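Here are my notes from going through this model, jotted down as numbered points. Have the structure open while you read.

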Amino acid sequence: MSDQTAGQNPAERAPADRRQPTHAAVHRIVVPPEVAMVSLLGARDEILRAVEHSFPLADIHVRGNEITINGPFGEVALVERLFDELVTVVASGQPLTADAVERSVGMLRQQTSERPADVLTLNILSNRGRTIRPKTLNQKHYVDAIDEHTIVFGIGPAGTGKTYLAMAKAVQALQAKRVSRIILTRPAVEAGERLGFLPGTLTDKIDPYLRPLYDALHDMVDPESIPRLMAAGTIEVAPLAFMRGRSLNDAFIILDEAQNTSPEQMKMFLTRLGFGSKMVVTGDVTQVDLPSGTQSGLRVVQDILDGIEDVSFSTLTSADVVRHRLVSDIVDAYSRWDDARQASAPSAPGPRPAGRPDVSGRRRDRR
């Protein structure tokens, strides 16, 4: 993609005492003829409108396969880099969306070493015409960590793709014959509800807890082959309690909703690791459903395993939410609410002096 920059700093043409801090530039980009402009700009210029929305200080004009950018030097340079990334994505055969533009802009503004095109063109799995790939820089780091480490923890709020990407990597490993089976597990803990007595067999009772894992599995494996794979033990979906006493060799093991494990359960799970296996543990430490007073194993495991080789912790944030854009705003709003509540909470009372009466009127022994 060729380009041409024109323009001069107005301050250089003005007397020293009249110089302004504003810098202006004109930049022209010539898109290679093999790149279809309709793919680059989107249907009804949807992609172009997204770029203009992200850079309100820049004027962007398109004529044929030439794009002219006019505005502050910094903004013009970012727009040029953005179009360079978008051309690379289109040339690779990947479709562009307005969401991909927004995420690319975010990566460029962070001034990271990774190129947005490297993130958006990293295909993990394709099934029935649908391709699964990371959509944010942190998601790419998470996927890379799964490739490079034996045990990976993916910690972040709802909607950041923790479980979905781990599941895609598991199916990819199975298809490539790097493992011989996939084991999916999660603790059977109610999310605040009391379900009471559930009729049916044991499978009927635990299936509601495991349904999210089945849903993700159906997106990645042909539905008609799932019963056959499960009957053969190639894919196993089971509650965490069923892992006790086992040694899991040559398997890709995913523990979902790990914030609802106790430290003892987390230790039990991690020590199931066998030869040739890989583990991914996912969870959101802000949504713990354990009974009051029970510590979350996911909250303490990073301190416990700190410094152990071949164990990686990947943190995702509200910026990595890939659901409806409101989900990211909701996550941030709850985070601010929690911070404010903790800041305004009264400090815990200190111990009462020995020998003084307690609330029951009894006198405490001085010990």
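**Notes on the model**

1. Let me start with a cap. S296 sits at the N-terminal end of α12 and caps it, with a side-chain oxygen 3.3 Å from the backbone nitrogen of L298. Keep in mind throughout that this is a predicted model.

2. Staying with α12, which covers residues 297-305, the buried residues are G297, L298, V300, V301 and L305. They lie on the same side of α12, because the arc they cover around the axis is only 160°.

3. Now β11 itself. Six of its six residues are buried, so β11 is largely enclosed by the rest of the structure. Both faces are covered: K278, V280 and T282 are buried on one side, and M279, V281 and G283 are buried on the other.

4. Which strands pair with β11? On one count, β7 runs parallel to β11 and is joined to it by five bridges; I151 has M279 as its bridge partner in β11. Strand β10 (residues 251-255) is also parallel to β11, with four bridges between them, and here F252 is partnered with K278.

5. Helix α4 (residues 73-91) passes a simple length check. At 1.5 Å a residue, its 19 residues should span 27 Å, and the end C-alpha atoms are 27 Å apart, which agrees. The buried residues of α4 include V76, L78, V79, L82 and F83, but also the acidic E75, E80 and E85. Just after α4 comes G93, with a positive phi of about 95°.

6. A lysine to look at: K140, in helix α7 (residues 137-148). Is K140 buried or exposed? With a relative accessible area of 14%, K140 falls under the 20% cut-off, so it counts as buried. Leaving aside neighbours within four places in sequence, K140 is in contact with D118, V119, L122 and P134.

7. T131 belongs to strand β6 (residues 130-132). Its relative accessibility is 29%, which means that T131 counts as partly exposed. Not counting residues up to four places away in sequence, T131 touches N123, L125 and S126. With S126 there is also a polar contact, side chain to side chain, at 3.2 Å. As for Q94, 37 residues away along the chain, its C-alpha atom is 9.8 Å from that of T131.

8. Finally, the overall picture. The protein has 13 helices and 12 strands, and 42% of its 367 residues count as buried. Among contacts between residues at least 6 apart in sequence, 69% join residues at least 24 apart.

Terms used. Residues numbered from 1 in each chain as written. Predicted model: local features only at pLDDT ≥ 70, side-chain atom pairs only at ≥ 80, totals over all residues. Heavy atoms only, no water. Buried < 20%, exposed > 50% of the residue type's maximum accessible area, 1.4 Å probe, protein only. Helix = DSSP H or I, 4+ residues; strand = E, 2+ residues; numbered from the N terminus. Arc of directions from axis to C-beta. Polar contact = N/O pair within 3.5 Å; in protein donor to acceptor, adjacent residues only side chain to side chain. Contact = heavy atoms within 4.5 Å. Pairing = 2+ DSSP bridges. Expected span 1.5 Å × (residues − 1).
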